[in-house]
Amino acid sequence: WIVFGAIGGFLFYSRFYVQWAYSEWRGRSEVPPLFWYQSALGSVALLVYAVAVQSPLGALSQSINILPYSRNMIFVWRDQGRLSRGLYLGTHIVAG
């Protein structure tokens with residue numbers, strides 16, 4: 001589980017370097033779609049790790065984090081045309 005947690009941590013925390021490199025490339029502060037994928041996947045991996053090692057605080061923090069990451073991924077998919085209007089509206093009903 002330590003290796004799994006380390007991979008999840010690397011994926012999660014390296015997103016800031018991805019954002020930094022992307023902003024340098026674009027010449028302004030921007031968040032690339034990859035940032036949100038790394039956030040969500042890393043958070044899920046760290047949540048699984050926290051549950052496996054029975055860390056209630058780790059599990060709580062990662063389970064809360066997934067909400068804004070998922071929401072931003074919905075925006076990315078909508079902007080890329082990968083999310084149908086019906087499904088997009090459905091996410092608004094579920095999200096409240």
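Start at D79, which is exposed, with a relative accessible area of 59% (buried is under 20%, exposed over 50%, partly exposed in between; 1.4 Å probe, protein chains only). The term covers a side-chain nitrogen of Lys or Arg within 4 Å of a carboxyl oxygen of Asp or Glu. R78 is partly exposed at 33%.

A note on the numbers. This is a predicted model: local features need pLDDT of at least 70, side-chain atom pairs count only at pLDDT 80 or more, and totals for chains, interfaces and linings use all residues. Residues are numbered from 1 along each chain as its sequence is written, and side-chain values use heavy atoms, leaving out hydrogens and water.

Next, select R26, R28 and E30. Salt bridges with shared partners join these residues into one network. E30 pairs with R28 at 2.6 Å, N to O. R26 also bridges to E30, with the closest N and O atoms 3.3 Å apart. R26 is partly exposed at 35%, and R28 is partly exposed at 46%. The whole structure holds three salt bridges.

Now select V53, in the loop between α3 (33–52) and α4 (56–79). Helices here are DSSP runs of H or I, at least four residues, numbered from the N terminus. V53 is partly exposed, at 39% relative accessibility.

With V53, they form a nonpolar surface patch of about 450 Å² accessible area together. Patch residues have over 30% relative accessible area and no salt bridge; nonpolar side chains (Val, Leu, Ile, Met, Phe, Trp, Tyr) are joined within 5 Å, like charges within 9 Å. Areas come from the Shrake-Rupley method with a 1.4 Å probe; for residues, only the protein chains shown count as cover.

How values were computed:
Helix = DSSP H or I, 4+ residues; strand = E, 2+ residues; numbered from the N terminus.
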